[in-house]
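Subject: Structure handover

Hello,

Here is the structure, with notes on what was found in it. Please read the notes with the structure open.

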Amino acid sequence: MNVLRTDRLLLRRFTPEDVDNLTELDSDPAVTRYLTGGRTTPRETVETEILPRHLAYRGPVGRWAAHDETGAFIGWFALDPRDDHTNVELGYRLRAAAWGRGYATEGSRALVDAGFRDLGVLRVFAETMAVNLGSRRVMEKTGLRYLRTFHLEWDDPIPGTEHGEVEYELLRADWAAQAGA
Ligand SMILES: CC(C)(COP(=O)(O)OP(=O)(O)OC[C@H]1O[C@@H](n2cnc3c(N)ncnc32)[C@H](O)[C@@H]1OP(=O)(O)O)[C@@H](O)C(=O)NCCC(=O)NCCS
């Protein structure tokens, strides 16, 4: 599976040509607020660390660059394998200009459905800062359920860290029940 289409989005695999797209995405402090506290990512780091990471996740699940109906790059979605390809972590990062239109939910649902239906996934989970209410809402609207709040030790904590991180999950049996409902 190299392309995934939804009503409004096209998800595709990353290529080495995505340096500019990713640099622009991570240059907005609003986008990185709950990831690095608003610190942006230099182009060189995109080239040497970020893009290689996106390119490395090329298994049946993995990382997906997203485009809207106009063809514009709007960000990315992830189903990162943990331990093996049956337990995957959902992630997403969209340009601020694309927020508030349901894109994150639309892309996440499509990937989660493909994971359970076609790719042998048994469990999807997602984590974010407890204070990242928009991301938590996307998890809920994608069908994931709140599992736990946990606290991590950070050398350089960002505002909101004191409230901890949250984990949501969706098991294949619950997805099937939702899909059949
Ligand atoms: C989180 C993010 C992916 C959401 O993208 P999006 O396309 O706007 O999401 P959707 O439109 O599908 O849904 C967002 C939902 O969250 C709600 N929401 C957004 N911000 C909110 C906030 N501050 N408080 C409460 N709810 C909020 C929206 O109202 C919407 O819910 P609704 O449909 O019930 O009204 C986007 O803001 C983003 O990329 N942020 C930066 C990167 C990031 O934080 N990624 C997650 C890291 S784990």
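In which helix is glutamate 106 found? Glutamate 106 is found in helix H4; helices (H or I, at least four residues) and strands (E, at least two) are DSSP runs, numbered from the N terminus. Before going further, two notes on the source. The model is predicted, so local features need pLDDT of at least 70 and side-chain atom pairs count only at pLDDT 80 or more, while totals for chains, interfaces and linings use all residues. Residues are numbered from 1 along each chain as its sequence is written, and side-chain values use heavy atoms, with hydrogens and water left out.

Glutamate 106 counts as buried, because its relative accessibility is 18% (buried means under 20% relative accessible area, exposed over 50%, partly exposed in between; 1.4 Å probe, protein chains only). Its side chain is joined to that of threonine 6 by a polar contact of 2.7 Å. A polar contact is a pair of N or O atoms within 3.5 Å; within protein, one must be able to donate a hydrogen and the other to accept it, and residues adjacent in sequence count only if both atoms are side-chain atoms.

The ligand

There are 21 residues around the ligand, and Leu94, Gly100, Gly102, Thr105 and Lys141 come nearest (a residue is near a molecule if one of its heavy atoms lies within 4 Å of it).

- 2.6 Å to an N or O atom in the side chain of threonine 105
- 2.8 Å to an N or O atom in the side chain of arginine 137
- 2.8 Å to a polar backbone atom of leucine 94

On its own the ligand has 970 Å² of accessible area, and the protein covers 69% of that (Shrake-Rupley method, 1.4 Å probe; for residues, only the protein chains shown count as cover). Helix H2 (29-36), strand S5 (84-94), helix H4 (103-118), strand S6 (123-129) and helix H5 (133-141) each give two or more residues to the shell around the ligand. H5 gives the most, with 6 residues. By type, the shell has 9 nonpolar, 7 polar and 5 charged residues. Here Ala, Val, Leu, Ile, Met, Phe, Trp, Tyr, Cys and Pro count as nonpolar, Asp, Glu, Lys and Arg as charged, and the others, Gly among them, as polar.

Leucine 94 lies in strand S5 and is buried, because its relative accessible area is 8%. Its C-alpha atom is separated by 12 Å from that of arginine 33, 61 residues apart along the chain.

Rings

Rings of Phe, Tyr and Trp (its six-membered ring) pair if their centres lie within 6.5 Å; planes under 30 degrees apart count as stacked, over 60 as edge-to-face and the rest as tilted. By this rule there are 2 aromatic pairs. One of them, tyrosine 146 with tyrosine 168, is edge-to-face, at 5.7 Å centre to centre and 80° between the planes. This pair links distant parts of the chain, with tyrosine 146 in strand S7 (residues 145-150) and tyrosine 168 in strand S8 (residues 165-171), 22 residues apart. Tyrosine 146 is partly exposed at 44% relative accessibility, whereas tyrosine 168 is buried, with a relative accessible area of 2%.

The charged end of arginine 13 sits over the ring of tryptophan 64, 4.0 Å from its centre (NZ of Lys or CZ of Arg within 6 Å of the ring centre and within 35 degrees of the ring normal).

Regards
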